[in-house]
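The report below describes a structural model, moving from single residues to the packing between chains. Please read it alongside the sequence and the coordinates.

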Amino acid sequence: MNKALLDPKIHITVLLVTVLSEYIGIKRITVGPGVMLFLPILYALVITGALTIKRLGFFKREQSVAASPLITLSILFLVARIAVIIGPNIMTIIAAGPALLLQELGNLGTIFLALPVALLLGLKREAVGATHSIAREPNVALISEDYTLDSPEGLGVLGVYVIGTLFGAIFMGLFAGFLASTTSLHPYALAMASGVGSGSMMAASSGSLLALFPDMKDQIAAFAGASNLISTGSGLYVSIFVALPLTEWLYKKLEPVLGRKKSVE
Amino acid sequence: MKVSFMDSVVVMIISGVIIAIGNMVGYKVDIMASVPGLVYLFLIILAGVAMTKIIPWKVPSIAYITLIGILVTIPAFPYSKMIVDATGKINLLATATPVLAYAGIALGKDMETLKKMGWKIVVVSIFVFMGTFIGSAVIAHLILKMQGII
């Protein structure tokens, strides 16, 4: 048995933090025209994240390293739970097949929105790595193969990957709730968009939608789960054949116009 | 880190217990009422992990777990109603809370990398997340509308 994985301090902390987070429950805060939802998953992430702050000395680095495979294992319950929602709704999913497959191309939205911003901020080749995709594991692997990870492009993709790991779930959870309450985008469409990133991002953003639209909760969970599975399967190919070439092309067009003279550093 | 099959099983039992307790605190479901659903989910996961080990294609275990979970709950499967009813007691969000608690602990090691990146990458990341989410939601919305589903 691998002792590091069974470290009682990790599991007891997770148990206590889960109990505390569920006890606090869902809180809604109205911000201007929108609603921001604070879910137990967000409290759980923030509390245990705060416990890893070095100065507190509560968790050691080795415990932080051991927690990574624990995420991969514990998330399987969420995966299975969503699968048993998809089953009874399978006809709805098949009917929505075209939307589910094509929304994968929505990933390209990041290039048009984020690449100009990155160039205006003074990023150079880092921008290509950073903005070609939502930077999950397959995308990091792709950039690593094409440019290596210690290249500027590699730094860019790693940057977004780390920010996504740290704050992606928090941000996506709040953003999904906000869009749902301020735009006329249908909850089904938002549910499909919830699946674009990591499993945690999907849990946070579809969680907000479930809380806002309780009478559509099965469809929302089913669409989010199906979309996440399709993203995991096809995201890499969209990156290789469409997103990365498109980012390179747009970079060549925009960099002379928007880029600053000198590279950052 | 090397994770053996036994390690996975023990960790999943621990996660299952934490989920049952969270499901009681957050959603007022009696622990004993959560047990059958969690056992079904556990068996679906085990079958998926076993398939990953047996079938030589390089497919992640979540793909098999999802496939099996779907197959045993489509209305045509003889025990589907029993499985859907039992697992229905497990609140979806209750299965996610412990995951994010583990994720928080894992963050410690990434904080150091983040400090080296600076604030610009934070701003760019926010636009990356917004761009992807909005792009995907808009396409999905338009196509669902065209199909007349919404």
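A:Thr148 counts as exposed, because it has 10 C-beta neighbours inside 10 Å, where a residue is called buried if 20 or more other C-beta atoms lie within 10 Å of its own, exposed if 12 or fewer, and partly exposed in between, with C-beta atoms placed from the backbone. This is a predicted model, in which local features need pLDDT of at least 70 and side-chain atom pairs count only at pLDDT 80 or more, while totals for chains, interfaces and linings use all residues. Residues are numbered from 1 along each chain as its sequence is written, and chains are lettered from A and ligands numbered from 1 in the order in which they are written.

A:Thr148 is placed in the loop between α8 and α9 of chain A; helices here are DSSP runs (H or I, at least four residues) numbered from the N terminus. Most residues other than glycine have a negative phi. A:Thr148, although not a glycine, has a positive phi of about 70°, and A:Ala135 likewise is not a glycine and has a positive phi of about 60°. A:Ala135 sits in the loop between α7 (126–131) and α8 (137–147) of chain A, and this residue is buried, since 31 other C-beta atoms lie within 10 Å.

The table sets out two further residues with their C-beta neighbours.

| Residue | Helix | C-beta atoms within 10 Å |
|---|---|---|
| B:Ile18 | α1 (residues 5–27) of chain B | 27, buried |

Contacts are counted when the C-beta atoms of two residues, placed from the backbone, lie within 7 Å. Leaving aside residues up to four places away in sequence, A:Ala44 touches A:Val17, A:Thr18 and A:Ser21 in its own chain, and B:Thr97, B:Leu100, B:Ala101 and B:Gly104 in chain B. With the same exclusion, B:Ile18 is in contact with A:Val14, A:Leu15, A:Thr18 and B:Pro98. From C-alpha to C-alpha, A:Ala44 and A:Val14 are 8.1 Å apart in space and 30 residues apart in sequence, while B:Ile18 and B:Thr95 are separated by 8.9 Å and by 77 residues along the chain.

Between the chains, 101 residues of chain A are in contact with 86 residues of chain B. Helix α3 (residues 61–86) of chain A supplies the largest share of the chain A side, 22 residues. By class, that side has 72 nonpolar, 26 polar and three charged residues, with Ala, Val, Leu, Ile, Met, Phe, Trp, Tyr, Cys and Pro counted as nonpolar, Asp, Glu, Lys and Arg as charged, and the others, Gly among them, as polar.

The largest nonpolar core has 133 residues, of which A:Ile41, A:Ala80, B:Ile65, B:Tyr102 and B:Val124 touch the most other members; such a core is a set of buried Ala, Val, Leu, Ile, Met, Phe, Trp, Tyr and Cys residues joined through C-beta atoms within 7 Å. Helix α9 (residues 152–182) of chain A gives the most to this core, with 17 residues. B:Tyr102 touches A:Val14, A:Ala67, A:Leu70, A:Ile71 and A:Ser74, not counting residues up to four places away in sequence.

Chain B is assigned domain 1 (5–109) and domain 2 (118–150), with bounds that come from an automatic or database domain assignment. The centres of domain 1 and domain 2 of chain B, taken over C-alpha atoms, are separated by 29 Å.

Methods. Helix = DSSP H or I, 4+ residues; strand = E, 2+ residues; numbered from the N terminus.
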